[in-house]
Amino acid sequence: MPAVGIPTGGAGKSYPGKLTPFVTMTCIVAAMGGLIFGYDIGISGGVTSMNPFLQKFFPSVYRKKKAEESTNQYCQYDSQTLTMFTSSLYLAALISSLVASTVTRKFGRKLSMLFGGLLFFAGAILNGFAQKVWMLIVGRILLGFGIGFANQSVPLYLSEMAPYKYRGALNIGFQLSITIGILVANVLNYFFAKIEGGWGWRLSLGGAVVPALIITVGSLVLPDTPNSIIERGQHEEARIKLQRIRGIDNVDEEFADLVAASDASKLVEHPWTMLLQRKYRPHLSMAILIPFFQQLTGINVIMFYAPVLFNTIGFGDDASLMSAVITGVVNVGATLVSIYGVDKWGRRFLFLEGGVQMLICQAVVAAAIGAKFGVDGTPGELPKWYAIVVVVFICTYVAGFAWSWGPLGWLVPSEIFPLEIRSAAQSINVSVNMIFTFIVAQIFLTMLCHLKFGLFIFFAFFVVIMSIFVYFFLPETKGIPIEEMNQIWRSHWYWSRFVSHEDYPNGGDGNGVQMVKNV
C-alpha cells in the first residue's frame, strides 16, 4: 500500500563536507566502546558452561548437568542464581544509563565514555579474583554500570561526529565492535576451558580489563563532538573542530543549525518532561519500541547461551564452545555487510530483509530441536548431519540479525532525536534495551525448561510483529542530516498527525529557538 511511502533522504538541507581520515579514525576509536558490551555477552555464556566454574559457584547446576543421560536437557541449566549472575549486569546498566544522560549532556560524550571504561575495569578485576558468588554479582554490577555509560554515549558520539552521508556506516562501527568483542570472548573461552587445573574461567572474566582499557584510553585522546562543545558554550572551538571534521572551511550552514539547535536545547530545563510533549511522540515511540523489539528477536538467547544451547542440543563441551565461535565469526561478517549497505540500501530494507530471514530460521530450528528432544527433553544420539543443520540455520539467523536489528537497533534511535531531547531519549533507549535484556536473560532458562522448543516460536511471533511495525511506522532516515531529521516525521502518513509545520517551520531543527517557544 502506498501509505508507507517515505522520503528516502536528499530532501531538505545538504551540508558540504567529506569523509576525512581524522573523522574516520576518531569514529573507529570511539566505536571500540562496543567491545566491552560484546566481550561480556560472549564471556558470560561461555563461563557458565565451564564445569570448574559451575562446581565452584553453582554446584547444584553442576550436579544437575552431570546427572544421568535421561535428564531433561531443556531444564539442566534452570537456576535463578545462575541467571542472576548473567542478568544483574543489565539491571545495573539500566540504572547507570539514567545517570549517564545528565553526565553526557552537561559534561560531554567523552566523560561518559571514560566513566564507562573505569567502571568496567573495576568489575573485571573483581570478577577475575572472585571467591564467592556475591563477589561475582558485585563485579557484574560494576560491569553493568560501565556498559550503561558506554552505550549511552558512544552511539550519540558517532552519530554527531559522522558526516550525514556516512553516518550509518560509521555508527554501525559500534555494533561491529560488539560483534568482535563477542567473537574474541568465544575464542578465549574455547582455549581457556582447556587449561589444566580448571582456572581458565578466571582468565575469561579477568580478560575484560583489556577492552576496558581500550575505551578508557580512547576516551582520553578523542576530541569532543561539535554538538557537545556548542552545548557547553564554546562556539569558536566548536567551529574549528567542525571544519577539521568535515575537511572544509565553509561550515557556516551546518554550524548555524547546530548553534540554533543548542540554543533550543538550553531553553529546555526538564528534557525528561519535554519528551512527553505531543510533537515528540514519534521519537519516544521509537526510543521505546526499537530496543524492545531488538531484545525480542531472540538474539540474546543465542549469544548469551550459545555454548549452553549447543551443549543442550547434544554437542560436547568443546564442540559447543567451538560452535559459539562459528556464530561469532558469522556475526562479525554480517555486520560488515550492514556497514557496506546501510547508506546504499537504506535502513528499512535491512530491517525487513533481516526479519524475514530470522523468521524462517527460527521456524526451522524450532522444528529441528522439537523433532530431536520432543516435549520431554530426553535426548538420543544426535547424528552429525543433524547437528550441522541446526548450526547452519542458527548461523543464518545470526547473520539476519547482524545486518538488521543488531546494528540498526542502535543506529536509528541515535540519529532521530533532536538535540534538546537527545541525551534523555538515548537514556530511555538504553534503559528499555537493558530492561528487556535483563528480563530475557533472567527468564530464558526457565522458559526453555517450560516452553521447550516452543521458545523459538515465541520469539518468531515477535519477529513478525516487529517487521509489520517497521513496514508501516518506521520512516527511512538514510541521507538526512541529523539536525534536519524532523522532516521525516512531518511527511509520514501516520506520525504527521503529531508533528506539524508550526513545530518545525524550517523542516528540521534549524530554527530551534522558535521551535521551543512555539510549544
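**Salt bridges and burial in a predicted model**

Tutor: In this predicted model, Glu160 has 3% relative accessibility and counts as buried.

Student: Why is Glu160 called buried?

Tutor: Buried means under 20% relative accessible area. Glu160 is at 3%, so it counts as buried.

Student: What makes Arg422 buried or exposed?

Tutor: The cut-off for buried is under 20%. Arg422 has 0% relative accessibility, so it is buried.

Student: Why is the contact of Glu160 and Arg422 called a salt bridge?

Tutor: A side-chain nitrogen of Arg must lie within 4 Å of a carboxyl oxygen of Glu. For Glu160 and Arg422 the N to O distance is 2.9 Å. The pair therefore meets the rule.

Student: What does the pair Glu160 and Arg422 tie together?

Tutor: Glu160 lies in helix α7, residues 133-161. Arg422 lies in helix α21, residues 419-451. The pair therefore ties together parts 262 residues apart in sequence.

Student: Which residues are linked with Glu160 and Arg422 in a network of salt bridges?

Tutor: Arg109 and Glu231 join Glu160 and Arg422 in that network.

Student: Why can such side chains pair at all?

Tutor: Opposite charges can pair when the charged atoms come close.

Student: How do you know that Glu254 and Arg246 form a salt bridge?

Tutor: The closest N and O atoms of Glu254 and Arg246 are 3.0 Å apart. The limit is 4 Å, so the pair qualifies. Both Glu254 and Arg246 are buried.

Student: What makes Asp343 and Arg347 a salt bridge?

Tutor: Again, set the distance against the limit. The closest N and O atoms of Asp343 and Arg347 are 3.0 Å apart. The rule asks for within 4 Å, so this pair passes. Arg347 is buried, with a relative accessible area of 0%.

Student: How many salt bridges does this rule give?

Tutor: The count comes to 10.

Student: What share of the protein is buried?

Tutor: Buried residues make up 63% of the 519 residues. The secondary structure comprises 24 helices and 0 strands.

Student: What share of the contacts with a separation of 6 or more comes from residues 24 or more positions apart?

Tutor: Such residues account for 81% of those contacts.

Student: What is the mean pLDDT of the protein?

Tutor: The mean pLDDT is 82, and 86% of the residues reach 70 or more. Over residues 1-11 the pLDDT is below 50. That stretch has 19 contacts in the model beyond near neighbours in sequence. Over residues 507-519 the pLDDT is also below 50, with 42 such contacts.

Note on methods:
Residues are numbered from 1 along each chain as its sequence is written. This is a predicted model: local features need pLDDT of at least 70, side-chain atom pairs count only at pLDDT 80 or more; totals for chains, interfaces and linings use all residues. Side-chain values use heavy atoms; hydrogens and water are left out. Helices (H or I, at least four residues) and strands (E, at least two) are DSSP runs, numbered from the N terminus. Buried means under 20% relative accessible area, exposed over 50%, partly exposed in between (1.4 Å probe, protein chains only). Contact means heavy atoms within 4.5 Å. pLDDT is the predictor's confidence in each residue, from 0 to 100.
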